[in-house]
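Please read this note with the structure open beside you. Take the points in order, and find each residue as it comes up.

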Amino acid sequence: MNLIERIEQEQLKKEIPRFAVGDSVRVHSRIREGDKERVQVFQGIVIGKKGRGINAAFTVRRLSYGEGIERIYRLHSPWIEKIEVERSAKVRRAKLYYLRGRKGKEAVLGRK
């Protein structure tokens, strides 16, 4: 194992829950505002995962006041406190980008 891989292995998080595309998750992330820090929760559906190792990332989408909001998180980021899986869903796609075109209850998995 070369030096770069060894450093990356040290920075990987150990307690990451298993979640897949289509699952509803709550991401607790630390936000720095000036000299203060607080934890902000972002709840939504995982619409995509990419990368592996230290470069792994996932995209979470939610509807807020009728507008779709997406955030991309690095899986092993030190700014992520924890990830909670609320509900699992079985999907047949690797990326759920088709949810972007839906509005209201249509954008929730399990609805038509």
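**Notes on the model**

1. Start with Ser 24. Ser 24 is buried, at a relative accessible area of 11% (buried is under 20%, exposed over 50%, partly exposed in between, with a 1.4 Å probe and protein chains only). Ser 24 sits in strand S1, residues 24-33. Helices (H or I, at least four residues) and strands (E, at least two) are DSSP runs, numbered from the N terminus. Which residues does Ser 24 contact, leaving aside neighbours within four places in sequence? They are Gly 44, Ile 45, Glu 84, Val 85, Glu 86 and Arg 87, where contact means heavy atoms within 4.5 Å.

2. A word on the source. This is a predicted model: local features need pLDDT of at least 70, side-chain atom pairs count only at pLDDT 80 or more, and totals for chains, interfaces and linings use all residues. Residues are numbered from 1 along each chain as its sequence is written, and side-chain values use heavy atoms, without hydrogens or water.

3. Now the confidence. pLDDT is the predictor's confidence in each residue, from 0 to 100. The chain averages 90, and 96% of the residues score at least 70. Confidence is lowest in helix H1 (residues 3-11), with a mean of 87. It is highest in strand S2 (residues 36-50), at 96.

4. Next, the sheet. Five strands form an open sheet in the order S4-S3-S2-S1-S5, with antiparallel pairing. Strands pair if DSSP finds at least two bridges between them. At the edges are S4 (67-74) and S5 (80-87), each pairing on one side only. From one strand to the next, the twist averages 40 degrees (axes are lines fitted to C-alpha atoms, and angles run from 0 to 180 degrees between N-to-C directions).

5. Look at one pair. Strand S3 (residues 57-64) and S4 run antiparallel, joined by eight bridges. Arg 61 has Glu 70 as its bridge partner in S4.

6. Then the largest pocket. Its volume is about 240 Å³. Of its 13 lining residues, the closest to the centre are Ile 45, Arg 61, Arg 62, Leu 63 and Val 108. A pocket is an open set of points on a 1 Å grid over the protein atoms alone, where a 1.4 Å probe fits, with protein on both sides within 12 Å along at least five of seven lines; lining residues have an atom within 4 Å of a point. The volume is the space filled by probe spheres set on the points, which are joined across faces, edges and corners. S2 gives the largest share of the lining, four residues.

7. Last, Lys 105. Lys 105 lies in the segment after S5. Lys 105 counts as exposed, at 62% relative accessibility.
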